[in-house]
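Please consult the sequence and the structure while reading.

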Amino acid sequence: MPIPTLPVELFVEILGHLPVCDDDSSIKTLSNAFLANSQTRTAASTSLLWKPHYQHRYVHCVEARERERRKALGGDWRLLYIQRRLLDRHALYILGQLRDDRTGRHERVRRLAELSFDIWDVLRQEEQLPLPYCLLGGAALTVPQDAYDNRLAEENVLPRKFWAGTALGIIARRHNIQLWNEVFQINGNSISFEDALASLSSAFDFSIQEITMKLEGIYEQCREMLVQSNVCLDPRNPAYDIWDLCIKIRSVLREMGFCLATGLHFNRPLTQFPHNFLQEGHRQTIPMSLVYVFVAMARRLGIRAFPMNFPGAVQAYIESSDPTGEDIILDVCSEHPPIRASNIDDLRALSPYHFTTMPSADADATRPAGPAAMLLRAFNNILIFIRFERMHLESSGTPPETQENAIYIVELCRSLHTPDIQMLPVPPEGKPLDASAVLLDGLCPHLEQGIRATFESYCHKRIEMDDKTESRTREPNVQQAEWFVGMVFRHVEYKYTGYITGWDSNCEASEEWIARMGVDRLGFGRHQPFYTAVADDGQTRYVAQENIQPIMPICSGKVMELFDISRSSFSRYFTGIADDDTEKPGRLSLSKELQDLYPDDDDYGRRSVRITMS
């Protein structure tokens with residue numbers, strides 16, 4: 001008896017129950033169904049089956065290109081999915097070339113920047129690859145090593161994460177240059193406060209869309225809590241009370257952990273960056289950030305809320321929905337009831353300062369603030385907080401790498417606020433390719449002519465220097481570096497711990513640096529190998545050979561500490577802890593970049609570890 005043929009509609013129904021997930025398991029099932037027979041092929045070709053998978057995988061896009069794709073493909077979700085996967089593959093190919101070959105990196109990253117948000121989601125997947133087991137830290141306690149998927153500890157996972165993050169940051173910052181120029185030079189009020197402040201997180205390789213998604217998640221939770229509290233959200237309902245609703249939003253956000261930071265935590269630079277203060281566990285923050293969350297929630301609920309650039313602390317300004325009603329101001333940091341925006345005495349009570357002349361109700365400080373004013377205030381906050389930490393929290397403040405990223409984004413924004421500014425942004429070490437796609441292609445066209453020529457020259461020189469690929473070999477007739485890249489050491493005099501990322505046969509620093517550091521007073525002076533190293537405070541150092549005391553074996557705790565304080569440098573240059581067939585590890589394993597730059601050091605380091613630990 002022949003097997004009856006099932007109707008195509010039944011296959012469509014079955015395939016429609018495939019779960020939407022982060023891995024490719026459901027897509028593989030759809031693809032296999034496409035190859036099985038004519039019935040399943042017809043079912044698997046159904047456009048709407050692919051829609052949820054496409055929308056889950058592809059959150060970002062270049063909107064104009066997406067419209068063109070949909071028009072060209074007739075809105076077929078399967079064909080759209082295939083075309084985006086082809087783009088993904090192309091992007092990862094370029095990224096692999098960029099990672100493994102130092103020459104031409106700037107041109108490759110420019111190609112990725114041109115693809116822009118069409119490749120954002122695949123780059124984010126790459127950047128979020130799990131860490132090698134040796135760097136899991138406390139998480140390793142819950143994941144036995146024999147249960148950890150060895151594929152996740154792939155040799156190049158750290159460099160893959162680093163270069164994917166580098167590309168993400170470049171795409172975000174290049175895009176945001178247009179936004180900042182709009183804010184400061186064209187029509188600032190066309191950009192929302194939400195997007196303007198979210199753009200600052202591009203310093204840490206986040207997109208505005210990712211911040212928006214975080215806010216959407218918070219909003220869903222906030223709205224649900226308001227509904228459960230029987231708060232009226234419908235302005236058409238006679239029970240609707242905007243004053244009461246604003247107070248309830250503030251209370252719900254406080255229940256969710258959003259409150260004013262106290263003590264030293266108030267002065268953390270990251271309290272100004274949305275990707276940080278929107279996370280659970282980091283929601284104790286500064287007034288501007290609390291107003292940012294409040295305004296985002298209120299506007300999603302149909303309330304015309306804005307930040308108010310008030311002296312002392314940013315306030316929330318709420319416009320009345322009733323043309324005859326009064327606007328109100330809410331202090332989101334306290335339990336105080338809203339006040340009428342026209343009440344000068346109540347406004348004076350909001351500020352911790354005593355004014356001889358209080359701003360009038362018509363002054364900028366007592367009206368809704370535009371994004372330009374709030375960004376400038378954010379810049380001041382960031383720089384003040386960093387200055388405070390450097391003065392008072394030398395060992396327990398924000399890592400230097402984080403501070404440098406924050407300063408860089410401020411400098412980048414400020415150069416658009418004042419295009420003839422003399423102090424132009426210099427990318428920190430953790431952002432090695434910004435000179436081309438961000439500064440040269442993105443920023444320079446917006447600078448004044450005289451400054452632009454000087455800055456273009458700087459960018460071209462930096463790109464030229466980056467493209468140089470001179471390797472350091474251990475030649476017989478040249479003074480040898482006793483130590484090697486990937487070695488962990490303790491400084492003989494200053495006692496800090498660090499790891500070596502490069503070396504020179506003699507001191508190659510400037511004469512000014514040599515004199516300032518007293519190099520010629522060392523036992524072997526300038527005529528000894530010098531090592532580029534990253535210290536356990538995250539700072540890059542240039543260390544004389546006589547000041548280096550090797551640490552062998554190395555413990556995973558110390559490696560994790562070094563990794564945490566300087567993730568960019570560590571991830572770029574190393575892949576984890578080297579396996580030299582010794583009882584305990586003695587060095588870090590080198591990335592392909594370091595192996596190419598120091599082609600003899602991998603074998604030299606392996607032999608040194610075996611001899612030292614035998």
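## Terms and basis

A polar contact is a pair of N or O atoms within 3.5 Å; within protein, one must be able to donate a hydrogen and the other to accept it, and residues adjacent in sequence count only if both atoms are side-chain atoms.

The model is predicted: local features need pLDDT of at least 70, side-chain atom pairs count only at pLDDT 80 or more, and totals for chains, interfaces and linings use all residues. Residues are numbered from 1 along each chain as its sequence is written, and side-chain values use heavy atoms, with hydrogens and water left out.

## The surroundings of Ser 320

Ser 320 is found in the loop between β4 (315–318) and β5 (328–330); helices (H or I, at least four residues) and strands (E, at least two) are DSSP runs, numbered from the N terminus. A polar atom of the Ser 320 side chain lies 3.0 Å from the backbone oxygen of Asp 322.

Leaving aside residues up to four places away in sequence, Ser 320 touches Gly 325, Glu 326 and Asp 327, where contact means heavy atoms within 4.5 Å. Between Ser 320 and Arg 304, the C-alpha to C-alpha separation is 7.6 Å, and the two are 16 residues apart in sequence. Ser 320 has 23% relative accessibility and therefore counts as partly exposed (buried means under 20% relative accessible area, exposed over 50%, partly exposed in between, with a 1.4 Å probe and protein chains only).

## Salt bridges within single helices

The whole structure holds 47 salt bridges, each defined as a side-chain nitrogen of Lys or Arg within 4 Å of a carboxyl oxygen of Asp or Glu. One of them joins Glu 107 and Arg 110, at 2.7 Å from N to O. Both residues belong to helix α7 (residues 105–115) and are 3 residues apart, about one turn of the helix. Glu 107 is partly exposed at 46%, whereas Arg 110 is buried at 18%.

Asp 602 and Arg 606 also form a salt bridge, at 3.6 Å from N to O. Because they are 4 residues apart in helix α24 (residues 601–613), about one helical turn separates them. Arg 606 is partly exposed, with 22% relative accessibility. Elsewhere, salt bridges with shared partners join Arg 65, Glu 66, Arg 69, Arg 70, Arg 84 and Asp 118 into one network.

Glu 66 pairs with Arg 84 in a salt bridge whose closest N and O atoms are 3.5 Å apart. Glu 66 lies in helix α5 (residues 63–72) and Arg 84 in helix α6 (residues 77–100), so the pair ties together parts that are 18 residues apart in sequence. Glu 66 is buried at 7% relative accessible area, and Arg 84 is buried at 1%.
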